[in-house]
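I opened this notebook to record what I looked up in one structure. The entries are in the order in which I made them.

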Amino acid sequence: MEKSGKSENHEFSDELERQDISHGYERVQIPFIRVREDDPMSVPEFKYATENEYKGFKPEEMDREGCKEDCTCQSPSSTAPPCPCTTPLSPSPGPFFECTALHCLCHFTTCTNRSLQKGTSLNALQIRYISREKGFGVFTSSEIPTNTFIGEYIGEYHNTSSIGQYTLKITESGILQQFAIDSQKVGNFTRFINHSRLDPNLKLEIVRVFHIQPRVMLITSRPIEAKEELRFDYGTQEAFEDGSLPGLQ
Ligand SMILES: [Zn+2]
Ligand SMILES: [Zn+2]
């Protein structure tokens, strides 16, 4: 049974060992924390990646109008015109774009619209082993506010649907573009985020960066408490249909 809030069988005080599962590829450490003697010695083997690996095709560069130097993406409190990159095109909800060096004149460091390019900066995420049934999960050691960027769902990227235990299969509504991201062999820490239909605290957003091919961003859908497990349910997302359950072991 799923319960909201804390995972009931978890000791946050004890810690036997911690290993950074990102091997330094993230800006912050993503430790796997062993708390019990009978926890696995490490997470299952996979190739840690910070970008999707496109399988059987090359992504196409996108030709579009970006933002100017004076843009709200550099300061959300600015009275400048709204950043065209964050304004969805029709059909609604339409694609959102990140600002890029290819399209935009805003500055990389001050731009607030380059989450996927900058990667997670949350120094609170950790992997823990939950149980034989649930496998591993991703937890936070401190509170996270709503609408916080957690990470990109990364893996082997197919432009057709494919089936696998770790495959996130997505149909973009309106545009009807199908793609699938399989994180079994290649991925990042998001492959350990479990599915929850009853009480998800993350949602998925489709974002385009340099290419026409969409990418998937995970953001918080409500405030998350310290020690809570991160979970998402793509089954109820308007932009998504169908899918298997990533994160299950
Ligand atoms: Zn821009
Ligand atoms: Zn920008």
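**Basis.** I note that the model is predicted, that local features need pLDDT of at least 70 and side-chain atom pairs pLDDT 80 or more, while totals for chains, interfaces and linings use all residues. Residues are numbered from 1 along each chain as its sequence is written, and chains are lettered from A and ligands numbered from 1 in the order in which they are written.

**Overall make-up.** I looked up the secondary structure and found 1 helix and 16 strands; these are DSSP runs numbered from the N terminus, helices being H or I of at least four residues and strands E of at least two. The protein has 249 residues, of which 35% are buried, that is, with 20 or more other C-beta atoms within 10 Å of their own, C-beta atoms being placed from the backbone. I then took contacts, meaning C-beta atoms, placed from the backbone, within 7 Å. Among contacts between residues at least 6 apart in sequence, 68% join residues at least 24 apart.

**The sheet.** In which order do the 4 strands of the open sheet lie? I read the order as β1-β2-β6-β7, with mixed pairing; two strands pair if DSSP finds at least two bridges between them. The edge strands, each pairing on one side only, are β1 (17–20) and β7 (135–140). I followed the bridges across the sheet.

- β1 and β2 run antiparallel and are joined by 4 bridges; Asp 20 has Pro 31 in β2 as its bridge partner.
- β2 and β6 run parallel, with 2 bridges between them; Phe 32 has Ile 127 in β6 as its bridge partner.
- β6 (residues 125–131) and β7 run antiparallel through 6 bridges; Gln 126 stands opposite Phe 139 in β7.

I also checked the faces of β2 (residues 31–34): Phe 32 and Arg 34 lie on the covered face, Pro 31 and Ile 33 on the uncovered one. In a regular strand, side chains alternate between the two faces of the sheet.

**The cores.** I searched for nonpolar cores, defined as sets of buried Ala, Val, Leu, Ile, Met, Phe, Trp, Tyr and Cys residues joined through C-beta atoms within 7 Å. The largest has 32 residues, and those with the most contacts inside it include Ile 127 and Val 138. Strands that each supply at least two residues of this core include β6, β7 and β8 (149–153). Leaving aside neighbours within four places in sequence, Val 138 contacts residues including Ile 127, Phe 189 and Leu 230. A second, separate core of 10 residues includes Cys 83, Phe 97, Cys 99 and Cys 104.

Terms used: Buried ≥ 20, exposed ≤ 12 C-beta atoms within 10 Å, placed from the backbone. Contact = placed C-beta atoms within 7 Å.
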